[in-house]
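Here are some friendly notes to read beside the model. Take the points in order, with the structure open next to you.

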Amino acid sequence: MSQTHRLADGGQIDRSHQIDFYFNGRLMSGYAGDTLASALLANGIMLVGRSFKYHRPRGIVSAGTEEPNALVQLERGSRTISNMLATRIPLYDGLDATSVNCWPSPTFDIMAINSLFHRILPAGFYYKTFMWPVSGWKVYEHFIRRAAGLGRSPEEPDADTYDKMNAHADVVIVGAGPSGLSAARSAAAAGARVLLVDEQTELGGQLLNEKFEIEGKPAQEWVADVEAELLANPDVTVLKHTTAFGYYDHNFLGLIQNRSDNVAYGQEGRSRQRVWRVRAKRVILATGALERPLIYADNDRPGCMLASALRTYVNRYGVSPGKRHVIFTNNDDAYRSALDLKAAGCVVACVIDVRKEPSGELVTRAIEAGIEVIDNSAITAVLGSKRIRGIEVMTLNEDADGVIGTSRTISCDTVGSSGGWNPVVHLHSHSAGRNVWRDEDNVFVPGDTLQAELACGAANGSFSLQQALNEGAFAGIESTSRLGMTAGERQAVAETTSDVEETPWRRLWYVPTTKPAGQRGKHFLDQQNDVTVADVQLAAREGYRSVEHAKRYTTLGMATDQGKTGNIPGHAILSSALGQTIPETGTTTFRPPYSPVTMGAIAGRAVGEFFDPIRRTPMHDWHQQAGCLWEDVSQWRRPWYYPQEGESMQDAVSRECLAVRNNVGMLDATTLGKIDIQGPDAAEFLNRVYTNAWSKLAPGKCRYGLMLGEDGMIMDDGVTSCLAENHYLMTTTSGGAPRVLAWLEEWLQTEWPELKVYLTSVTEQFATLQLAGPNARDLLSEFTTDIDLDPDAFPFMSWRDGTVAGIPARVYRISFTGELSYEINVPASAGLSLWTDIMIAGEKYGITPFGTETMHVLRAEKGFIIVGQETDGTITPNDLGMDWIVSKKKPDFIGKRSLIREDMLRDDRKHLIGLRTADPEEVLPEGGQIVSETRPQPPMTMIGHVTSSYWSAALGHSIALALVKGGRNRIGDTVYVPLDGKTVACEIVNPIFYDPEGSRMNG
Amino acid sequence: MFLITCPFCGEREESEFSYGHEAHIKRPENPESLSDAEWADYLFMRKNTKGPHLERWVHTAGCRRWFNVARNTHTNEILAIYRMGEQPPKEIKAMIDEKAKS
């Protein structure tokens, strides 16, 4: 295909550098400097996709970020990105883009059948239709989701890398158009550290698209001069192709920088995109303005564009959007498009002006150039569907709310409409700035803000080039002087420009036809979400008075373009339907991001192994070599179980369990949280944070403790040892250690500052080796001479200092498995060597390393709880049958008062009980719901759930722990666990299945 | 994203800190003497202020110290920062009293 619409000369493209690309599988070519959109137009492609709801054919509307229609799926496979704007993609060799939301192609789309049914697809259609019956949603959703999608998400991991940068600046200037450049220059001249950001690949903003002159020279030369001046200043950073997507509290901005224009080929060692987190002392918003269209019937047909976009394609890209153009306007500015197109040799059929007898300088020039101007008139119909063929024009009545006379048909394939310009107030709005309606200019402009911010130029509603330069220079000087810097040589007197005076616009939000809205063509406000004037009027009639509600009901402005073109006309039409003024209606709140940001950039480097740090114990490599499988316990990586060749998980865990019960096993318990507690008030502190009493715990002794939240619910548990007078070592659950330390610190610092207690995390100072099993004592005795292991000298729940294998060690005789058990703590650096030595020496006992799964089975056999498994933040000690650990004598401890709240005393609270399945081989699934009476199908009254469930190799049957309403009063009852396809009957039993007397661990 | 001046470390990003809850809620001396309703009031009830608000923050990724912040919850302006055990500045108290009246 040839570039049928490329002009013979002109534009800022490099005609010596041809670029080949694919669109919907067809090979085409463009030039360096093109965007995908300009290259498509050069190839005569206007139709690029289908609309979201009606699947109407849609074409390119704009030349920038405001584009509602030209969304493409860029590239394939691991580099595919959905919903990219063709107007923002710099063309590169081999680019491969496809249309979104159409199948099989934009020219023939099956879902377009929706458009025949538009009368039954009004605003709120989904809410109204699919809410009944409620259960029907499951059926509808499948079809709606498939029909309603835009782009496709990638199915492979992203091949690119992304990163982040933190930056500080005296002045951040968003937008490098005339006002932004002017501001940057004056701020830099005052000596400020300046960061200038612009979303385009080149500086200049709107100047890139215009035929303006500054100081008698083409504006592009002025831009080049300013750029050179800025780049020569070491205190100025210029970020091109970078969008300020969010403006947050305390002058914090988020920027996204495109570091590779070429999506197809990743660049080695270079991130594709970078998120900049910028803290600015001052911010200057020079974000410019976006043109808004006139809202006329069937204004969505391919070929209906923004007036300014027409001259952008001609001036910047040397492309004529169509063969025969019509300009439709309510203001003078659009005449620039007519003039620039005419000057470039394009055909301009006419200018249709809604104003009576327009007479400005630009109008005069157009008439002098031989362009027909049809005044006081409006487009009442658009002919053609996949590309417009012509328009019908009629005369407006006095109030411009209707048309009169007969219609005239004008042949054309492109219409550029202009309803004026909207300042880009989005960033101002993000940071809680108010937007103020300026009626004389028909615009919202930035009002009060909490930020150290100034807006200038078109962003401030000052649309002329001269104003932009003046305000920019002033903003630069004002911002730096507020930072205490003295202005540089550059004064707030800017260059002279080729500006001309413009005459007033005429307000016309809705372009009438001979029938009411919706009855003769569709007036689209939001082209991406298919929201029409009739939809907004319907919402108003149905009582949606708040603009925020009307937005959500109609989905106006909720698409990926966030209503950049259609929102303000939409709010104006809502206002008029509600019979109120635009400021009374207000606007919806603009929220970040200004334009879509890829999830890859948000994640940055925090992917894969960098997603979350991994904590490894000193024995990690040994476990790895032994072939263990890993379990993640918070950030820790713990051995889960150690399968031998040919073993299933169940085989391995049963083998490990039996080894501990019959011989000896060893567990890496290093991850258990350890908090060193010192100070004269340490015992008092423990009394307050644990439910049981601590004053009488003597040095050398250990005690199990339960910690509650102030609401009486179990928060953590663990064994705490008295190391010396005023010195304790608290252990916490592996996952709970940071939370518990923070919790204790909070109480000490905020509520009990009078207590002299000091907390230190020592978790990683020690390696902890847990020897468990009947042979544990014999094995340990081979490694120590100075610790008397005799049960009388070293009883259960005590600790001893000494040496193990010559290493200084502290040995705790505590047990989570129910077996004779020693936890050997040595300096972390000695952990691996001691582990290895014990494994070798233990071979004669058949020593078996065991992992967390075996530990869980063994403790469940004993009915020992795991916080977070048997508890879930709603469980009290009494619920678990652990009243024995709640002191009745202590006057107070955290959570005590809550334990006697009315709700805590109910006798139908859930109790921890054991379950024995009728079939001893049946292992219940954890989380299984428990009922006392079964029915053929749900709903059934649930009385509890299974918290832990395992096969017990030692007992030869399955065991389960469960929380059941009033469970302790139901011992012996039969309950049921309904599962998929079967129901398991169980007997409620005591939760201690193994060695209820505790003789094994005490022995 | 606020900037918070830790009284011990100086100005840092909000991401280094964690929010606690409303400040100056003293734990009752004798919880057992309170009715369920009074205890629930201490336990659960917090002001949902639009405007100047006194709250606790902790410098989690720094010195791990708690301190008080007077913050306008509407504008996120940090009005004052003062240590645990201290009372808010007089002008902040006056501002809050004024708001309570209106």
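Predicted model: local features only at pLDDT ≥ 70, side-chain atom pairs only at ≥ 80, totals over all residues.

1. Start with helix α2 (residues 90-101) of chain B: its twelve residues reach 17 Å from first C-alpha to last, close to the 16 Å expected at 1.5 Å a residue. The expected span is 1.5 Å times one less than the number of residues. Helices are DSSP runs of H or I with at least four residues, strands are E runs of at least two, and both are numbered from the N terminus.

2. Residues are numbered from 1 along each chain as its sequence is written, and chains are lettered from A and ligands numbered from 1 in the order in which they are written.

3. Chain A has 23 helices and 49 strands. Of its 1003 residues, 52% count as buried. The C-alpha atoms of chain A fill a box of roughly 115 × 75 × 55 Å along the principal axes.

4. Where the chains meet, the contact takes 20 residues from chain A and 19 residues from chain B. Contact here means C-beta atoms, placed from the backbone, within 7 Å. On the side of chain B that touches chain A, the largest share, three residues, comes from helix α1 (residues 36-44) of chain B.

Technical notes
Contact = placed C-beta atoms within 7 Å. Buried ≥ 20, exposed ≤ 12 C-beta atoms within 10 Å, placed from the backbone.
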